[in-house]
Amino acid sequence: MSAMEIDDPKSENSDQILPRFSINVLPLMKTSQAQHGLRHGDYARYRRYCSARLRRLYKSLKFTHGRGKYTRRAIIESTVTDVRFLHVVFYMAERAWSHAMEKRQLPDGPNARQRIYLIGRLRKAVKWASLFSSLCSIKTDSRTSLEAEAYASYMKGTLLFEQDQNWETALASFKNARAVYEELGKYGDLENQVLCRERVEELEPSIRYCLHKIGKSNLQTSELLQIGEMEGPALDLFKAKIEAAMEEARSQQAASLTEFNWLGYRFPVSNPKSRVSILKAQELEKELQGPTAESLPAEKKLTIYDKLFTAYLDARNTIRSDLVNAGNAESVKDELNGLDKAVGAVLGQRTIERNQLLVKIAKSKLNRKRDDKSEKVTRPEELVRLYDLLSQNVADLTDLISSGRDRKPEEIAFEEECQRKSLAFRAERCFYVAKSYSLAGKRVEAFALYCRARSLAEDALKKFQSIAKKDEGTIQELKTLSKECRANSCIEHATGVMEEEKAPENLSKKISTISLNETATKVEKYLLDKLDVYESAVGDSNAKAAPKIERFPPAFQSIPRNPIVLDLAYNCITFPDIENRMKKTRKGLISRFWG
């Protein structure tokens, strides 16, 4: 072969040399989603970002669709002469997907018409993702092609997942994407490996749910709920599916919930919405009071309490709406008022339990040594505020229970229990008020408050020990509180006596340092005062003090002024008469008349 044939641009070998682009698809997707709304689940913001990004890409590529009349220009293999064309296809798929997820997150869920639109947008996303995968298989390197294939498989699985059909195909799509990300996670830098591992974890719940729908998995409903608590944009559709399934199950179970029992009363629940809300709250209560409740972290318990409050508040809103629509039916009104009172009382009990959990968290941080500078340490004032809230909660609950006329023994016993709790909370509050005074150095006030807290704790302890069904946990806490009050009162008394004994000595030490001859303050010399001495006036580079060059503003200086002359002889001098030397003027006729 001659050199002319090799250099010929029209030779067959030169046609085989094609440009190979490279795109980090997964990092690009994760970065775009995290920085533009999906960190907080804002799909509308992410969709707007995708639209703005597409406009910029079209303008930079000069790939506009005509002026005035829209003329669609397709992106095919021959069109892709720049890597930005692949970005256009990718962001088209992302925009369609985010629009579908935005419809999925509507407050009351998508209705039938919105669901049709949602499915249409997911089909668009699958179409653009498939085009992106086919173009990447031709125009990019092998790694980008694999990532694009996994992306297209995920989009296809998402569409089938939402349609509730072809679970085998959806399972195959999710497994294909997982296999690709598992393989890619073995290579590349550390950041890429972490992203691939996270992606595999996000795909795992969808795979397990597909297996559950097919019938090849023994996955329980509680395990599905635990999976649904994971975070990530890829799991939002899965969470919606789980929540929809749970709502359907609750609606079926709510048919059997006809009464709400509270302190010996049975209130009928006729509204289906109230039944579903109460049933949801009762399921959350079982989770808080079940055998696995001790192993739950505090943050998880607080989240469950928030969901429980929302469920009970929804039930109360529905009950009050029924009460407004009840009209003049007195019997129905009495039942609804009793049900509202019972639900409100249970809500008050759970509020007290949540605030007690907050107290427990705050106490664990009160005496902890702060290893991390960013960690916040609890102050006694914060515990005082929490015990104020608890006292107010107990008072509200007591008012709610004692508002009825004919009360059952269960209500009277519950009111007495609230009074015992209120006394214990008052003792705890007094103890932490005393601790705050102690930290401020007020020994007399702290001593008196510790004694008062001990008295309240002993009174509460007697009341808790007098009942038949003893609360051993509360009794032990009150005993510990009484001992701590006694110990702290002794410490405050001893510290106060020591400070009083040392007060004259400390005062004499301070007075002995006072000198009448020498100035108490150190005279500082500045640069302009010691120009003949080779000494730095700037100071150490690590010092925060200002350079001592010259005093500013300058000090006042004494200057001479003009002498003051007092002319005291002026009033004692008799001056001669000089009238005869003054020039006399002749007056006219008119002047003579008028003087």
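This is a short talk on one predicted protein model, starting with confidence and ending with a few single residues.

Some ground rules. The model is predicted, so local features need a pLDDT of at least 70, side-chain atom pairs count only at pLDDT 80 or more, and totals for chains, interfaces and linings use all residues. Residues are numbered from 1 along each chain as its sequence is written, and side-chain values use heavy atoms, with hydrogens and water left out.

Confidence comes next. The term is pLDDT, the predictor's confidence in each residue, from 0 to 100. For the protein chain the mean pLDDT is 81, and 82% of the residues reach 70 or more. By element, the lowest confidence is in helix α1, residues 3–7, with a mean of 37, and the highest is in helix α4, residues 43–61, with 92. Residues 1–17 have a pLDDT below 50, and beyond near neighbours in sequence this stretch makes four contacts in the model. Residues 221–225 are also below 50, and that stretch has nine contacts beyond near neighbours in sequence. A contact here means heavy atoms within 4.5 Å.

Now the whole chain. What does the chain contain in helices and strands? It has 19 helices and two strands. Helices (H or I, at least four residues) and strands (E, at least two) are DSSP runs, numbered from the N terminus. The chain has 595 residues, and 36% of them count as buried. Buried means under 20% relative accessible area, exposed means over 50%, and partly exposed is in between, with a 1.4 Å probe and protein chains only. Taking the contacts with a separation of 6 or more, 65% are between residues 24 or more positions apart.

On to the two strands. Strand β1 covers residues 259–262 and is joined to strand β2, residues 265–268, by four bridges; the two run antiparallel. Strands count as paired if DSSP finds at least two bridges between them. Within this pair, E259 has P268 as its bridge partner, and W262 stands opposite Y265. The two strands form a hairpin with two residues between them, and L263 in the turn has a positive phi of about 50 degrees.

Helix α3, residues 25–35, packs with helix α7, residues 142–163, at an angle of about 55 degrees, and their axes are 9 Å apart. Axes are lines fitted to C-alpha atoms, for helices over the stretch in contact, and angles run from 0 to 180 degrees between N-to-C directions. The two helices are therefore oblique to each other. On the scale used, under 35 degrees is roughly parallel, over 145 roughly antiparallel, 65 to 115 roughly perpendicular, and the rest oblique. From α3, the residues V25, L26, P27 and M29 meet T144, E147, A148 and Y151 of α7. By type, these contact residues are six nonpolar, one polar and one charged. Nonpolar covers Ala, Val, Leu, Ile, Met, Phe, Trp, Tyr, Cys and Pro; charged covers Asp, Glu, Lys and Arg; the others, Gly among them, are polar.

Leaving out residues up to four places away in sequence, R143 touches L184 and N192. L400 is in helix α15, residues 380–401, and with 27% relative accessibility is partly exposed. L400 touches K341, G344 and A345, again leaving out residues up to four places away in sequence. The C-alpha atoms of L400 and A342 are 9.2 Å apart, though 58 residues separate the two in sequence.

Is K62 buried or exposed? K62 is exposed, at 70% relative accessibility. K62 sits in the loop between α4 and α5, and has a positive phi, near 55 degrees, in a residue other than glycine. K483, in helix α18, residues 472–512, is exposed too, at 65%. From K483 to A457, 26 residues away along the chain, the C-alpha separation is 9.7 Å.
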